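Hi there,

Here is the structure I promised to pass on.

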Amino acid sequence: MNEHTLSLRLERVAAHVPLDARLADIGSDHAYLPVALMNRGAIASAVAGEVALTPFHSAVRTVRENGLEQRISVRLANGLEAIEPGDGITALSLCGMGGETIRDLLDSGKARLHGEERLILQPNGGEQPLRQWLMDNTYRILCEEVLRENRFDYEIIVAERTGPVLYTAAQLYFGPLHMQARTPAFLAKWRRLLPLKQRTLADFAQARQPVPEAKVQALTQQVQWITQLLG
Ligand SMILES: C[S@@+](CC[C@H](N)C(=O)[O-])C[C@H]1O[C@@H](n2cnc3c(N)ncnc32)[C@H](O)[C@@H]1O
């Protein structure tokens, strides 16, 4: 993967960035996503935010090698602190981090969001707490995708702040739109996960140290939901 050839995962993220967006890509690493989008003429400007020095320097290099210093600002910053009011950000991507981390970055950076920006989120696990945050903060999920690459199932969640929205516990777990669409990729993901969760539940029963009841109940509920889903 590089700024010319994105991974399938980042290619699908790119597809959800609106044309001419002013994009903030937080946790940008090499800045492949904003650079690829800019080279295609798909976005107007971008901020690439990085908290760690090595990826920050990689991002600076990619932007410089592509001659995009005037269009893409690379900033060393924690989470949404990379965004400045004058950026006029219209789309925000947070990709390749755990769902809880993405949630925490959104939550601690809330004051930097004006509420009009589209969120394009690609969590590696932890989708449920991330969807919970979206609901609690009046974001509606507009699009959801599951894709498989390198033997890993990736999820993409696109959301915008539209006003109060209510999702059930099962919808927060699976994704409300996934539950409707039931795409082959989505069902295949849960078909792969079901036996793993069943095995963990069986291991809990055999564990030498008792597993906390709340943990057992949560996993039992998940196994029930998945079994119903695959019906
Ligand atoms: C696995 S990489 C993903 C890179 C790219 N977004 C992608 O999806 O391919 C995660 C990146 O997020 C950065 N990161 C983690 N926590 C961060 C934070 N609080 N603020 C900004 N960047 C962060 C890491 O330094 C790392 O470069």
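**The ligand and its surroundings**

A polar backbone atom of Val51 sits 3.4 Å from a nitrogen atom of the ligand. That is a polar contact, meaning a pair of N or O atoms within 3.5 Å; within protein, one must be able to donate a hydrogen and the other to accept it, and residues adjacent in sequence count only if both atoms are side-chain atoms. Before I go on, please note that this is a predicted model, in which local features need pLDDT of at least 70 and side-chain atom pairs count only at pLDDT 80 or more, while totals for chains, interfaces and linings use all residues. Residues are numbered from 1 along each chain as its sequence is written, and side-chain values use heavy atoms, with hydrogens and water left out.

A polar side-chain atom of Asn78 is 2.7 Å from a nitrogen atom of the ligand, and a polar backbone atom of Gly79 is 2.8 Å from a ligand nitrogen atom. The ligand taken alone exposes 600 Å², and the protein buries 76% of that (areas by the Shrake-Rupley method with a 1.4 Å probe; for residues, only the protein chains shown count as cover).

Which elements give two or more residues to the shell around the ligand? They are helix 1 and strand 4, and strand 4 gives the most, with 3 residues. Helices (H or I, at least four residues) and strands (E, at least two) are DSSP runs, numbered from the N terminus. There are 15 residues around the ligand, of which Arg9, Gly27, Glu50, Asn78 and Gly79 come nearest; to be near, a residue needs one of its heavy atoms within 4 Å. By class, the shell has 8 nonpolar, 4 polar and 3 charged residues. Here Ala, Val, Leu, Ile, Met, Phe, Trp, Tyr, Cys and Pro count as nonpolar, Asp, Glu, Lys and Arg as charged, and the others, Gly among them, as polar.

**The cores**

The largest nonpolar core has 31 residues, and Leu37, Ile43 and Ile72 have the most contacts inside it. Its suppliers of at least two residues each include helix 1 (8-15), strand 1 (21-26), helix 3 (53-65) and strand 7 (152-161). The largest share, 6 residues, comes from helix 2. By nonpolar core I mean a set of buried Ala, Val, Leu, Ile, Met, Phe, Trp, Tyr and Cys residues joined through side-chain atoms within 4.5 Å. Buried is under 20% relative accessible area, exposed is over 50%, and partly exposed is in between (1.4 Å probe, protein chains only).

Leaving aside its neighbours within four places in sequence, Ile72 is in contact (heavy atoms within 4.5 Å) with Pro34, Val35, Met38, Ala46, Ala48 and Val63. A second, separate core has 28 residues, including Ala24, Ile26, Met97 and Met135. In soluble globular proteins, nonpolar side chains tend to be buried together.

Helix 5 is mostly covered, with 7 of its 10 residues buried. Among them are Glu127, Arg131 and Trp133. The backbone oxygen of Trp133 is 2.8 Å from a polar side-chain atom of Asn137. Asn137 sits in the loop between helix 5 (127-136) and strand 6 (139-149), and it is buried, with a relative accessible area of 15%. Beyond its neighbours within four places in sequence, Asn137 is in contact with Lys110 and Arg161. Asp107 is 30 residues away from Asn137 in sequence, and 9.2 Å away in space, C-alpha to C-alpha.

Most residues other than glycine have a negative phi. Thr138, in the loop between helix 5 and strand 6, has a positive phi of about 60° although it is not a glycine. Thr138 is partly exposed, at 26% relative accessible area. Ala31 also has a positive phi, near 65°. Ala31 lies in the loop between strand 1 and helix 2 and is buried, with a relative accessible area of 0%.

**A glutamate in strand 6**

Is Glu144 buried or exposed? Glu144, in strand 6, counts as buried at 11% relative accessibility. A polar atom of its side chain lies 2.8 Å from the backbone nitrogen of Leu177, and the Glu144 side chain reaches the backbone nitrogen of His178 at 3.0 Å. Leaving aside neighbours within four places in sequence, the contacts of Glu144 also include Arg131, Ile156, Gly175 and Pro176.

Best wishes
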